[in-house]
Amino acid sequence: MTDLGEKTFAETIAKDQRVEPRDWMPDGYRRTMIRQIAQHAHSEIIGMQPEGEWITRAPSLRRKAILLAKVQDEAGHGLYLYSAAETLGADRGDLTRRLIEGRQKYSSIFNYPTLTFADVGVIGWLVDGAAICNQVPLCRSSFGPYARAMIRICKEESFHQRQGYELLMTMMGGTQAQREMVQDAVNRWWWPSLMMFGPPDDRSPNSAQSMAWKIKRHTNDELRQRYVDMSVPQAEALGVTFPDPDLRWNADRGHWDFGAIDWSELQRIISGDGPCNALRISNRRRADSEGAWVREAAAAHAARRQEVKAQ
Amino acid sequence: MTEEIKHEWPLFEVFVRAKRGLNHVHVGSLRAADHQMALHHARDLYTRRNEGVSIWVVRSDDVAASGPDSKDAFFAPSGDKVYRHPTYYSIPDSVPHI
């Protein structure tokens with residue numbers, strides 16, 4: 001049976017078809033998919049925090065409504081992804097425990113603080129822009145439920161990026177202090193956003209296998225270059241600059257050259273020593289434990305209603 | 001509050017009718033204490049942007065499904081019945097409306 005399963009799996013991948021939850025798949029594929037989907041789900045859930053902090057301080061009712069909708073979307077994206085992970089036999093509660101016990105990761109980008117309201121705009125423009133670059137190819141990922149979740153997520157991310165850019169355009173049309181606030185936020189988020197694509201290709205040991213399984217469609221460096229090329233004209237239109245003296249157009253390559261990334265910073269944050277790591281996890285842990293009685297009460301209520309119905 | 005944090009709500013599959021005249025289509029799953037809560041969560045999770053006009057939720061453990069192992073037994077027999085398709089029959093081009 002396994003031989004047949006292996007053959008079917010190889011053919012499915014070769015023909016660019018989707019692997020579905022009940023198909024035979026190599027253990028490594030299942031493990032990689034669960035890890036990747038869980039990390040992605042955790043990132044969406046933790047990603048609610050940096051922007052969520054600004055909901056009560058949004059400068060107008062319009063901005064507050066937009067930000068609420070966006071943060072609600074992040075929760076939704078997390079739930080689509082946990083749903084996809086569960087099709088592989090993972091358990092949602094177990095994944096949350098792994099997150100709050102530090103046994104599973106989330107994107108390091110959410111370990112930076114949001115110091116001003118301009119950060120909300122820059123997260124939408126740059127962080128969600130980088131996420132879109134990463135995620136659009138994942139809509140063709142070989143695992144069906146993940147690819148389908150990504151399609152829904154990408155549709156919604158487009159609103160996230162546009163609201164961020166529009167917010168920044170509004171601030172750039174304001175006072176000098178507001179323009180400086182935008183530039184300051186761009187300065188702080190630009191390099192971390194480049195790190196979102198992961199280590200360079202020659203230091204990304206799992207990439208080759210993920211490409212062979214068609215879980216990944218492009219290398220980290222390809223996607224990073226695509227993101228830089230997209231972002232430069234957007235920065236120009238906005239009237240801000242990126243904090244990189246080596247950023248210049250390379251006519252031979254037909255791409256923008258950019259400076260060396262400080263990978264030791266990413267390493268430091270991944271290993272837990274970022275500005276907000278402890279805060280993000282303690283907030284998530286508190287939400288989980290303080291919500292426990294609600295989940296228990298709802299389960300008890302449902303059980304009671306079932307009993308009454310049976311009588 | 002118990003020591004062990006519990007996540008034991010059952011899993012539900014969600015089906016959404018995008019607009020009148022179309023079938024309900026499976027969109028994903030969610031956890032909820034009961035059917036009523038599953039409907040509310042499905043509304044919040046899968047129809048935030050006018051994606052639907054009607055929702056079904058079904059307990060995942062109530063779904064019976066054909067497995068990939070039984071694919072041949074289930075679906076191979078229809079493979080060799082080409083006469084069930086209209087293109088199997090050749091009709092002269094001169095015959096109208098058929």
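Predicted model: local features only at pLDDT ≥ 70, side-chain atom pairs only at ≥ 80, totals over all residues.
**Exercise 1. Describe the contact between chain B and chain A, from its extent to its polar pairs.**

Step 1. Count the residues: chain A brings 29 residues to the contact and chain B brings 28.

Step 2. Take the area: about 2,300 Å² is buried between chain B and chain A, and 52% of this lies on carbon and sulfur atoms.

Step 3. Look at the charged pairs. Six salt bridges are counted between the two chains. One of the pairs in a salt bridge is Arg305(A) with Asp34(B), whose closest N and O atoms are 3.5 Å apart; the cut-off for a salt bridge is 4 Å.

Step 4. Turn to the side of chain B that touches chain A. Strand 2 and helix 1 (35–46) of chain B are the elements giving two or more residues to this side. Its classes are twelve nonpolar, seven polar and nine charged residues.

**Exercise 2. State the volume of the second largest pocket and work out what lines it.**

Step 1. The volume of the second largest pocket is about 1,400 Å³.

Step 2. The lining consists of 43 residues, and those closest to the pocket centre are Glu20(A), Pro21(A), Arg22(A), Asp23(A) and Pro68(B).

Step 3. Assign the lining to elements. At least two residues each come from helix 1 (2–14), helix 4 (61–86) and helix 7 (144–172) of chain A, and from strand 1 (11–17), strand 2 (24–31) and helix 2 (71–75) of chain B. Helix 1 of chain A contributes the most, six residues.

Step 4. Sort the lining by class: 17 residues are nonpolar, 14 charged and twelve polar.

Terms used: Residues numbered from 1 in each chain as written. Chains lettered and ligands numbered in written order. Heavy atoms only, no water. 1 Å grid on protein atoms, 1.4 Å probe; cavity = no way out; pocket = protein on both sides within 12 Å on 5 of 7 lines; lining within 4 Å. Points joined across faces, edges and corners; volume = space filled by probe spheres on them. Helix = DSSP H or I, 4+ residues; strand = E, 2+ residues; numbered from the N terminus. Nonpolar A, V, L, I, M, F, W, Y, C, P; charged D, E, K, R; others polar. Contact = heavy atoms within 4.5 Å. Buried area = accessible area lost by both parts, 1.4 Å probe. Salt bridge = Lys/Arg side-chain N within 4 Å of Asp/Glu carboxyl O. Polar contact = N/O pair within 3.5 Å; in protein donor to acceptor, adjacent residues only side chain to side chain.
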